[in-house]
Amino acid sequence: MAMNNSNKSKIIYTALAWGISGMIFFPILWTLLTSFKTEAEAISANPSLFMFDWTLENYSDVLARSPYFNHFWNSVVISIGSSLLGLVIAIPAAWSMAFVQTKRTKHLLMWMLSTKMLPPVGVLIPIYLMFRDFSLLDTKLGLVIVMTLVNLPIMVWMLYTYFREIPHEILEASRMDGCSIAEEIFHVLLPLALPGIASTLLLNVILAWNEAFWTLILTAANAAPLTAFIASYSSPEGLFYAKLSAASVMAIVPILILGWFSQKQLVRGLSFGAVK
Amino acid sequence: MGSITLKQVTKTFGDVNVIKPIDLQIHDGEFIVFVGPSGCGKSTLLRMIAGLEDTTSGNIDIDGQDATNTPPAKRGLAMVFQSYALYPHMSVRNNIAFPLKRAKMPPAEIEAKIASAAKILNLGDYLDRKPGQLSGGQRQRVAIGRAIVRQPSAFLFDEPLSNLDASLRVNMRLEISELHKTLDTTMIYVTHDQVEAMTMADRIAVFNAGVIEQVGTPLELYQTPINRFVAGFIGSPKMNFIEVEAVDGDPTSCVGVRPEHLKVTQDKGLWTGKVGVIEHLGSETFLHIHVDGVGPLTLKADGDCPLKYGDDVNLTAPQNKIMHFDAAGKTLPATPFSGN
Ligand SMILES: Nc1ncnc2c1ncn2[C@@H]1O[C@H](COP(=O)(O)OP(=O)(O)O)[C@@H](O)[C@H]1O
Ligand SMILES: [Mg+2]
């Protein structure tokens, strides 16, 4: 039977998709494999993909050398804390931008987004000094505050896009029915925007979990999350590729599991409400 | 109580003056209809009365109290939206209960109110469904139910029937009129459909480009429109307008004859024309007649009108049914008209 054109292009696209995802995934696979090698094999000039002496030594070393669960807990507190705090601020902000628009709303949104385009080093010194003066260096509270501020523009934008899809008249009806603004948001807007809010929360947990610039600069030992824990294996006594890989895997796995279970929600969130 | 007074009320969006200064007295218990072409500002004015739009200048009094800057929740008015605006995540029961819960009414009382609203509006079987599972007509009833349980001092309707199909629209029209008679509460009803306006209203306010052209009972507007716009807007089919040559001493620039007043005559008549398209409705017939130098005229005849396409006819109208308008469109006192 002759293959028709649409079948042919389907095969080509599938092969392409697999090829590209393979390329994207390969470094992660490499890290995963390296984490099971000895340090010697890890830096071998002739690396083998699967044929090496599998060992769990790196994991036990890493767990013995650093307080993994401390870092894990710091990551949880910082990423979830900053995302929740961000929602508390972003929801009213997005409400006013979506439903009480003025001439300047669009500009304000653009300006907020533009702060994401600046290199964070630009504000490094003032933030560092403020943290020092307020004794926020190496505290979870300090990082929650910074992560909230760093991700706030994205949260407001995402929520704004979701809120725009909610018919204005439903909110007006609630106003006629006697709702204060807080009641309107709580009883009508939030239930209707729940899928969007969940996506926003998830995405920001992931972004905050993976953030490395501020966490490396503003923490030392006490509040250091998993990103700092990974980094600690690339500095003091030289590079330890295998241990570094084991630490990375241990830092990635929790967020990978979260991402896996919330895949659908995330795809919806990232398409910014375009798919209903 | 539900009397509403608009004093020199205006609204501008940016630089656009959407509502020119409007004065209007809405009496307690009356059914007033705002009618006018699309985009003339009816919804905007209704939303200003509701408190959903700010008032640029002027005052809105509700029951003698200045309510210009009162938030919507505190005005004691209920609104039924064109899109129904039901809460999609709540059951019909909770939709109707919502305003009562906000008012902190005791649960037993809320139950009683829901039961009575469900009875009036035939919603008993649907109370536990979500709005998404209802037909358009049922949603409309829920929206009305949510409005009546609060016992507002006035109801505001914004084109509530325009999303329904034609036969349902006639039914709901009757139901809303019936509801007005039962509740005896002020209703302000916005529509672009003059038939709805004529059939439902105690009084009609005819809007045009941000101003009220005329306020009056349906018959006043039909019989004594103050200008050409109102004359043309009220009545179906539309009034025929015939431009006339200016004559010294007579300011008439145009005369108007309603289709139902135009008659075919065996005499010479006022105009002569050729029958065009004929629309048979059974009970009546609309004839579109081409008159040289005047244009097409519409004539409403009996159901069994014997005329055919292409027939030559002479047309006339009783002198007291011919309206005169000046160049600005203002209605003039009737003067004898003898053709042009
Ligand atoms: N929020 C708004 N911003 C700017 N212009 C508006 C807004 N709402 C309505 N308008 C304009 O005001 C005019 C009147 O609108 P509207 O009151 O909805 O008319 P109607 O209900 O009579 O059809 C229209 O020209 C419309 O474009
Ligand atoms: Mg409108």
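Predicted model: local features only at pLDDT ≥ 70, side-chain atom pairs only at ≥ 80, totals over all residues.
**Figure 1**
Helix α4 of chain B is largely enclosed by the rest of the structure, because 11 of its 13 residues are buried. Among the buried residues are B:Gly137, B:Gln138, B:Gln140 and B:Arg141. Others in the buried set include B:Val142, B:Ala143, B:Ile144 and B:Arg146. The cover over these buried residues includes β6 (77-80), α2 (92-102), α3 (107-121), β7 (154-158) and α5 (166-183) of chain B. Chain A takes part in the cover too, through its helix α8 (168-176).

**Figure 1. The interface of chain B and chain A.**
On the chain B side, 23 residues are in contact with 15 residues of chain A. The two chains bury about 1600 Å² between them, and 62% of this area is on carbon and sulfur atoms. Within chain B, the residues that lose the most area to chain A are B:Tyr87, B:His89 and B:Arg102, which together make up 30% of what that side buries.

Side chains of opposite charge can pair when their charged atoms come close. Across the interface of chain B and chain A there are 4 salt bridges. In one of the salt bridges of the model, B:Arg146 pairs with A:Asp177, with the closest N and O atoms 3.6 Å apart. B:Arg146 is also one of the buried residues of α4 of chain B. Between the two chains, 9 residue pairs are in polar contact. The side of chain B that touches chain A draws at least two residues from each of α1 (42-50), β6 and α2 of chain B. Sorted by class, that side has 16 nonpolar, 3 polar and 4 charged residues.

**Figure 2. A salt bridge between two strands of chain B.**
B:Lys7 and B:Asp61 meet through their side chains in a salt bridge, at 2.8 Å from N to O. B:Lys7 lies in strand β1 (residues 4-13) and B:Asp61 in strand β4 (residues 57-62) of chain B, so the pair ties together parts that are 54 residues apart in sequence. B:Lys7 is partly exposed, with a relative accessible area of 39%. B:Asp61 is buried, and its relative accessible area is 10%. Elsewhere, salt bridges that share partners join A:Glu172, B:Lys11, B:Arg47 and B:Glu53 into one network.

Chain A has 13 helices and 0 strands. Its C-alpha atoms fill a box of roughly 75 × 70 × 30 Å along the principal axes. Of the 276 residues of chain A, 41% count as buried. Among contacts in chain A between residues at least 6 apart in sequence, 75% join residues at least 24 apart. A:Pro225 sits in the loop between α10 (213-218) and α11 (226-231) of chain A. Is A:Pro225 buried or exposed? A:Pro225 counts as buried because its relative accessibility is 4%, and the cut-off for buried is under 20%. Beyond its neighbours within four places in sequence, A:Pro225 is in contact with residues including A:His71, A:Asn74, A:Ile78 and A:Leu143. The C-alpha atom of A:Pro225 is separated by 29 Å from that of A:Leu194, and these residues are 31 residues apart along the chain.

**Figure 3. Two salt bridges within chain A.**
The structure holds 18 salt bridges over all chains. In one of the salt bridges, A:Asp61 pairs with A:Lys243, the closest N and O atoms being 3.8 Å apart. This pair links distant parts of the chain, with A:Asp61 in helix α3 (residues 57-65) and A:Lys243 in helix α12 (residues 241-261) of chain A, 182 residues apart. A:Asp61 is partly exposed, at a relative accessible area of 28%, whereas A:Lys243 is buried, at 12%. A:Arg132 and A:Asp133 also meet in a salt bridge between their side chains, at 3.3 Å from N to O. A:Arg132 is partly exposed, with a relative accessible area of 46%, and A:Asp133 is exposed, with 53%.

Conventions: Residues numbered from 1 in each chain as written. Chains lettered and ligands numbered in written order. Heavy atoms only, no water. Buried < 20%, exposed > 50% of the residue type's maximum accessible area, 1.4 Å probe, protein only. Helix = DSSP H or I, 4+ residues; strand = E, 2+ residues; numbered from the N terminus. Contact = heavy atoms within 4.5 Å. Buried area = accessible area lost by both parts, 1.4 Å probe. Polar contact = N/O pair within 3.5 Å; in protein donor to acceptor, adjacent residues only side chain to side chain. Nonpolar A, V, L, I, M, F, W, Y, C, P; charged D, E, K, R; others polar.
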